[in-house]
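The following report describes selected local features of one protein model.

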Amino acid sequence: MIPDNPFLLIEWDPSDLDVGRIKAQIDKKKAEWNSQSLAQGPVAKRADLALARIKDIEGDLLARPDATAFQKLVQEAKEEIVRRKRDGGPRLDNLVLVASAKGYVTPADLAQLVKVMSGIFTEAEVRSRIKVGFKEETKTSGGEDAGVKPMKSTDYKVILEDLQILEKADLFAFLSDEVTPCSRRTSTTTLHAQADIKWKHYQSFTKKEPKVEAGSRLSGKAKIIFDPTQEDPRRSYELALENEVLKPLEEAIRLAVVNKEISAESYDALVRNGLETGAELARVEACIRELARQKNYILYKPQHLSVEHQDACPSCHTLNADKATYCKHCGQPLAIDCPKCKSPSRVRDVACTKCGFHLGDMVLAHPCIRNAQTLIAEKKFAEAALQLGRADRYWPGMPESARTRAELHALLTAQKAEVEEIQKLLDAGRIAAAEQRIRASAHPESVRPLAEKATRQRQEAQQTARDAAAELSAGKLESALRKLQQATALGGDLTEVAALAKGMAPPAPSSALAQYSGSGIQITWPAVASPLPVTYVVSRRNLNLRETQAKVLEPKASASGHFDTSVEPGHTYEYTITTSRLGVVSSTAAATKGVTAVPDVTGFRVLPGDGLVNLQWTLPPGNCSVQITRKEHSVPASPQDGRQLAGAGSQGVTDSGLKNGTPYGYLVKVCYTTITGAQVYSTGLTQLTTPITPPEAVSHFKALFSAGKVQLTWAPLTSGSPGVLLLNQPSGPRPGQMLSLADLDAIGQQVPILTPTRAEHLPGTAGTHHYLAYTRQGNTALVGPTSSVLVMEELHDCAMNVIAGEVHITWTWPDNVTRAAIGYSFTPIARYDQAGTRVEVLREGNQPQGSYRLRPTEARNHHLRVAALMPTPSGDQATTGTALVAYLEPPAEISFRVVKGGFFKKPHLAIRTNQAGIQTPPLQLVQNAEHVPRRSGDGEVLKPVPPVLIAAGEEHIIPLEGLAFTPGAYVSLVLADPKDAPRFRILKPDPQSLRLPAR
């Protein structure tokens, strides 16, 4: 049987009523049923029954002729889906539990679950009930760690045979002794150390008895299994051990199955039996789930296990109550005291539940820490670090170990710093200073190698100095200097080396001169006479910073001089020049007098105005001021050659009261005050300019945004040329200010001028744009008024659909628009604010698409305007928007008949409407030789019919004389524009009445 409800038959959610998506689902199911109908059996029969109902399904779900009946189908489908989900929930949960038994779910499992629950639960709902992870199916045994397999049965059997010889249950019991008891909780590092001890013990036997050989083999294998650098060997052995102890559990599972089901009570009992074998809880549950999955058992897990709060004794594996102190079977303790906070902790805990301290091999860690403290006191730092490392392996995070390690680290840091300091002194050739530091060292053992190195270096330096003196006595100056250079590198602070260097040093220049010029200070000196080439080294001292030691400038200067550009304005400098010959520096130096850096102003500009001149500049940093001298007709030659101007600031000055047309020259100097209080002046800058009568200012400047463009207009000018700037910032220069053309380019972008009174700008972005008008005359411009305009971006791709009596409006959000405005009325509207009803829609996050659903209360045509809203200082402003019309009124009906009047005997067209006073839309009379034309373009247009107003109960007659009718063809009246279809419907008469007679 197939469902009667079409939603259930096509397996579609009745909450989604989108016509396009429903049609796609119908096409998908139709293809599926066509494929199934080719088979045999119940599936093919069901597919045939479904295909027979295709037309009814499309009529009910797509055409929806009866709105009440359609809503009833929707409600019935929703109720049936709710019932199916309520009844199928327990079944789905059981299927999910079986699929999750291996600890994960594969894509194939998910596909099977979705297929079984098809028509009841969606894939998303099935996924929501799966509590384990997804991964591809692997070939690992159920319940094992991913990628880790149990030890091979042959290898495990060999280990088991050796354990039986020694009467031990497992490797943990084999490695235990009175000092170090081992268990599954013992760290791998400790187990490996115990295996090494056991191996050495059995290797010490000369007589190889069966027990000795078995112990030797087991200890060797234990060293491999418990290798601290690898985790897989130990886990592989533990999995094999658990598989062995869980074998009886498999038989118990088979006995607990009833009708392929394992009840919750049986599940709880199976877990208890598994824990009493010594296995972990997670391992026991994994084993139960895996066997249930393999045998396809239905598994019911209780909400709470009775063993969740019980401890398994580490010795006999008996389950004990949560608060039990000792095992009820063997009497072993089930709790220990935390060594840090002394609070009791359970044996199952790896860390203290109160302070979080790690509970590891604490018994083995204390002796290692005591040994480390003794070694630190003896300054045997390397051996102490080894002992602390061993303690950390036994007991990670022990506070006493951390304190001892911090003490050791501080001592090692101080020792390292002292050694590095002495090594640097030796590398710099300061043997005397290094030896003094060695004698005062607090770590004589660590610096002993450096003391031996210092002694060897001293001897080598003294011998090289003696060789240099011998070469000098023989008249070999160059060879002597090279020997001296080597001796200085080895021990320059030795008395004999320093005395020899002083006697062989080259002469310094006899004098030096420093002078500021432009952007730096030029230093010059005379060359010195020397049999070998010398290098001149320039050093500088800043007197303003009160530097006591001169700094060497880079690069080293040549004999011609040096130009220092790295000087600060207003600062005074002294320079010294020394010479160097083969690394030996002169014992004296030539020094300059203090010279002050006196740069001129920067950004110097002179802008003429109406009877005035604006001088602009930027002062250099430092303690300085500006001196301005003015002279008519030429620039001043000196401050005394003209008139001094007062009132100059750090940015400029305005010189007013001038005569237009008269040239004026200016000299601008910077005055600096030195560290001694003296005043010095820069070279100075000059400029000649002429004040002018300014042009007419722009007036009536307006900016208007329309049709995507900004229109800029102003009144005609009688002098000068108009210009418009798009400002970079909201505020610009004040009106009436004179600027250079370069200044204008810096504050905005030029807008093209179309006519003497109009400019047009195409804005690239939305928002408020600010424009500045100016009048240009020569190389200067007179600033005029500013005007601002709001540029708003329309919503994109506005569209509308009428679905089930509701108006669905959609659009695309521009990047900078966050609100939409929708207004509608029963009459056409030109703007949003003209609508009778208005709503506002907010954008959600960065959602690219926007939508609004209008539920009309009246079945009348709605004229809509969809616009964007943008905030402005005066309030929210709406764009022009997009006009849409939702035709909700029944369309007017137009009927017609073609009166033939005999073949080619005064035929005419009679048109009638069902409503009075209706004006018809543009129509066309079309003929087609094969069938009745249905739309414009479906044949040959015989005659266009313009709009006409038809009175009530009357017919409008249109003569058809002279038209080229085709004998035997069909003629019909159709709409000229398909967009008129929502408002008008043309009723077609009987097709035979529209056919023309044949010849």
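At 38% relative accessibility, E11 counts as partly exposed. The model in which this value was computed is a predicted one. E11 is placed in the loop between α1 (6–9) and α2 (19–37). Most residues other than glycine have a negative phi. A second case is H633, which has a positive phi of about 70° although it is not a glycine. H633 also lies in a loop, the one between β20 (624–632) and β21 (643–645). With a relative accessibility of 55%, H633 counts as exposed, because the threshold for that class is over 50%.

The accessibility of the individual residues treated in this report is collected below.

| Residue | Relative accessibility | Class |
|---|---|---|
| E11 | 38% | partly exposed |
| H633 | 55% | exposed |
| P599 | 15% | buried |
| T618 | 36% | partly exposed |
| F174 | 2% | buried |
| Y202 | 12% | buried |

**Helix α14**

Helix α14 comprises 12 residues, 264–275. At 1.5 Å a residue, this helix should span 16 Å, and the 17 Å between its end C-alpha atoms agrees with that expectation. The buried residues of α14 are Y267, D268, L270, V271, G274 and L275. These residues cover an arc of only 160° around the axis, which puts them on the same side of α14.

**Aromatic pairs**

A search of the whole structure finds 9 aromatic pairs. One of them joins F174 and Y202: the ring centres are 6.3 Å apart and the planes stand at 15°, so the pair is stacked. Elsewhere, ring pairs link Y156, F172, F226 and Y237 into a cluster.

**The loop residue P599**

P599 is found in the loop between β17 (595–596) and β18 (602–608). At 15% relative accessibility, P599 counts as buried, because this value falls under the 20% limit. Not counting residues up to four places away in sequence, P599 touches Y516, G518, P569, P620, V670, Y672 and S682. The C-alpha atoms of P599 and Q462 are separated by 53 Å, and these two residues are 137 residues apart along the chain.

**Strands β19 and β22**

Strand β19 (residues 612–618) pairs with β22 in the antiparallel sense over 5 bridges. Within this pairing, Q616 stands opposite G652 in β22. Strand β22 (residues 652–656) has a covered face formed by V653 and D655, while G652, T654 and S656 make up its uncovered face. T618 lies in strand β19 and is partly exposed, with a relative accessible area of 36%. Leaving aside its neighbours within four places in sequence, T618 is in contact with V601, T602, S650 and Q651. The C-alpha atom of T618 is separated by 90 Å from that of N296, a residue 322 residues apart from T618 along the chain.

**Two open sheets**

An open sheet of 3 strands has the order β9-β10-β13, with antiparallel pairing. Its edges are β9 (513–517) and β13 (562–564); each has a single partner strand, so one side of each is left without a neighbour in the sheet. Neighbouring strands of this sheet are turned by 25° against each other on average, direction ignored. The antiparallel pairing of β9 with strand β10 (residues 520–524) extends over 5 bridges, and Q522 in β10 is the bridge partner of Q515.

Another open sheet has 4 strands in the order β49-β44-β43-β51, with mixed pairing. Here β49 (956–959) and β51 (984–987) stand at the edges, each with a single partner strand, so one side of each lacks a neighbour in the sheet. In this sheet, neighbouring strands are turned by 25° against each other on average, direction ignored. Strand β44 (residues 908–913) and β49 run antiparallel and are joined by 4 bridges. A910 has I957 in β49 as its bridge partner.

Key:
Residues numbered from 1 in each chain as written. Predicted model: local features only at pLDDT ≥ 70, side-chain atom pairs only at ≥ 80, totals over all residues. Heavy atoms only, no water. Expected span 1.5 Å × (residues − 1). Buried < 20%, exposed > 50% of the residue type's maximum accessible area, 1.4 Å probe, protein only. Arc of directions from axis to C-beta. Contact = heavy atoms within 4.5 Å. Pairing = 2+ DSSP bridges. Axes fitted to C-alpha atoms, helices over the stretch in contact; angles between N-to-C directions. Phe/Tyr/Trp six-rings, centres within 6.5 Å; stacked < 30°, edge-to-face > 60°.
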